[in-house]
Amino acid sequence: MVTNTKEVKGKDICVQRVSPEEKRELAYKDDVCVGCGICAKICPTEAIELGEIGAIERTGVDESKISIDETKCVLCGMCSSPCPVDALDLKLDEKSIKDMAEYPKLIKSAEISDDLCIYCKACETACPRDAITIARILPERSKLVTGEIEIDKDTCISCGICEEMCPADAIEMEHHEPTSSDPTVSSDIKVDKEKCVYCLICRKSCPVDAIKAVCRSCSYGDYDLNPEDTETTGSSFIDEEACVNCGWCQEICPVDAAKVEKAFEGELTINQDKCEACGTCVDICPCNVLSFPEEEFGVQGDKLQADERFCIYCGACENACPVEAIDVKRTAVKHTPTKSKSWEKQLSELKTQT
Amino acid sequence: MPKHIVSGLKYLTAVELIREGLSQKEVAKILEIDRSTVSHYLNGRNLSWNSIEVAEIITKFCPKDFLTLTYALLNDSEKTRVIVKTCSKKSYKGSVEESCIGCGLCVDTCLLNAIVLDDLKARVDSDWCNGCNMCRDVCPTDSIKILEVNNGY
């Protein structure tokens, strides 16, 4: 008789069934889980139960967001398929069912086009899951502004004013202490032309007019600038495990380089009469959808507001709300096709019945 | 004693396979015994009639008991399959309803390897099913029906 084994590592759970035919392994990662409870809803054997996620989130208690009863679990994988954040994964002989065509999976994606991206990092800053990394390569400063600079060492009195004034740290002096054999204040003065931006501050501030400098851009304009030299290049990276496809990057991108496809469509309704402004929903929401906007400057408001542009309709806020003030409806669940009638039916039942 | 019962079961299987037209060599290979042993079996030598009687009684157990007992005695999947299938006189047909979720519990349970998953749905291979009903018993969605198709002999 084949039986399941369960292994709990910290808050992560692993249920296994090994037979001579195959090895089935369901792995749950608690740090990825957002507490939406979709797994518990779809489980055909009622093996999964969602915990008190509001309390777990707010107290930081050492408890998993879901529990799996290994005596009820049959390792079918139906929980892993619609998990919006891939916190659950079923592997058959070490291969994830998400890589198998016969198993349906949610149609969701997030990508940043390197052709369009200008590496402004707006998405990196806005991403509520810190899933985006923008690595940028800045243009060389010396190629953006050119000119000429010359210091007349005979006139220079080595006062060091130019060195102190230079905003680009391009001037460096090496002072020599006066001695009886050479009773003058002297120094080596060097201009780093890679750093110099020809702002002419040194020339203007020199008390003895020892510096001759000219900026080519100021004199002739930018005609000799190579457009390629002015470009910031780089690369973007989205951590798929952390990404929840919330759409913040898409909304905030100034050049439409980020594209997000969401698996669920729906509607989020707040019952302001019931809401007691405890803020649990704000804490649990993986997408920064919910907030209490300031009523006046510096004063935290108590009227809950939702920006549905960023909502993935996972329903975690509804689960966490202690006074049932939030209602999340799912009207569409987009997934790849499956020939299994039972999977089709269970997935379609994730839509809110009306 | 278990050894003798196994010999009895192999004897019954060898006789039946020869009747089905297999050569002694083929039978020896399938049952992993010497060809001379097959020959002895067929001549009624080197085997007590008691062993054969006990084996015959076992083959007439209900399909589940016959299968599980044989598997327990042999502890070998392939030989269990051959012996049980050859000595079972009845045919069965399994049907799987659309409510099947493709969990594969039946696949892992079936000692005769008669079930496979096709597009997240179990399919029972009637050629191998011996009607033990263990798949039906473990199915979490009650999706499997096993029916006897004729009474044979």
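This is a predicted model: local features need pLDDT of at least 70, side-chain atom pairs count only at pLDDT 80 or more; totals for chains, interfaces and linings use all residues.
C127(A) is classed as buried because 24 other C-beta atoms lie within 10 Å, where the criterion for burial is 20 or more. When residues up to four places away in sequence are set aside, C127(A) touches I132(A), W248(A) and C249(A). T232(A), by contrast, is 105 residues from C127(A) in sequence, and the C-alpha atoms of the two are 22 Å apart in space.

Strand β9 of chain A, which spans residues 132-137, contains I137(A). This residue counts as exposed because it has 11 C-beta neighbours inside 10 Å, and the criterion for exposure is 12 or fewer. Neighbours within four places in sequence being left aside, the contacts of I137(A) are with T232(A), T233(A) and G234(A). Between I137(A) and K204(A), which are 67 residues apart along the chain, the C-alpha separation is 33 Å.

A further loop of chain A, between β5 (66-68) and β6 (88-92), holds C79(A). C79(A) counts as buried, since 26 C-beta neighbours are found inside 10 Å. Residues up to four places away in sequence not being counted, C79(A) touches C39(A), I42(A), C43(A), I48(A) and L88(A). C33(A) is 46 residues from C79(A) in sequence, with a C-alpha to C-alpha distance of 12 Å.

Helix α11 of chain A comprises residues 341-348, and its buried residues are S342(A), W343(A), Q346(A) and L347(A). Viewed down the axis of α11(A), these buried residues fall within an arc of 130° and therefore line one face of the helix. Exposed residues K345(A) and S348(A) are carried by the face turned away from the buried side. The cover over the buried residues of α11(A) includes α1 (38-42) and β19 (326-333) of chain A.

Chain B contains eight helices and four strands. Read from the N terminus, its elements follow the order α-α-α-α-α-α-β-α-β-β-α-β. Along the principal axes, the C-alpha atoms of chain B fill a box of roughly 55 × 30 × 25 Å. Of the 153 residues in chain B, 38% are buried. Among contacts in this chain between residues at least 6 apart in sequence, 65% join residues at least 24 apart.

Within chain B, helix α5 (residues 63-74) has 12 residues, which at 1.5 Å a residue should span 16 Å; the end C-alpha atoms are 16 Å apart, in agreement with that value. Its buried residues are P63(B), F66(B), L67(B), T70(B) and L74(B). These lie within an arc of 95° when seen down the axis of α5(B), so they line one face of the helix. An α-helix has 3.6 residues a turn, so residues three or four places apart point the same way. On the other side of α5(B), D65(B) and A72(B) are exposed. The elements covering the buried residues of α5(B) include α1, α4 (49-59) and α6 of chain B. After α5(B) comes N75(B), which has a positive phi near 50°.

The axes of α1 (residues 2-19) and α6 (residues 77-87) of chain B come within 9 Å and cross at roughly 60°. The crossing of α1(B) and α6(B) is left-handed. On the α1(B) side the contact is made by L9(B), L12(B), T13(B), E16(B) and L17(B), and on the α6(B) side by V82(B), I83(B), T86(B) and C87(B). By residue type, the contact of α1(B) with α6(B) divides into six nonpolar, two polar and one charged.

Between the chains, 17 residues of chain B are in contact with 21 residues of chain A. The most is given to the chain B side by helix α7 (residues 105-109) of chain B, with four residues. The side of chain B that touches chain A consists of seven nonpolar, six polar and four charged residues.

Conventions:
Residues are numbered from 1 along each chain as its sequence is written. Chains are lettered from A and ligands numbered from 1 in the order in which they are written. Two residues are in contact if their C-beta atoms, placed from the backbone, lie within 7 Å. Helices (H or I, at least four residues) and strands (E, at least two) are DSSP runs, numbered from the N terminus. Ala, Val, Leu, Ile, Met, Phe, Trp, Tyr, Cys and Pro count as nonpolar, Asp, Glu, Lys and Arg as charged, and the others, Gly among them, as polar. Axes are lines fitted to C-alpha atoms, for helices over the stretch in contact, and angles run from 0 to 180 degrees between N-to-C directions. A crossing is left-handed if the near helix is turned anticlockwise from the far one by less than a right angle, and right-handed if clockwise. The expected span of a helix is 1.5 Å times one less than its number of residues. The arc is that of the directions from the helix axis to the C-beta atoms.
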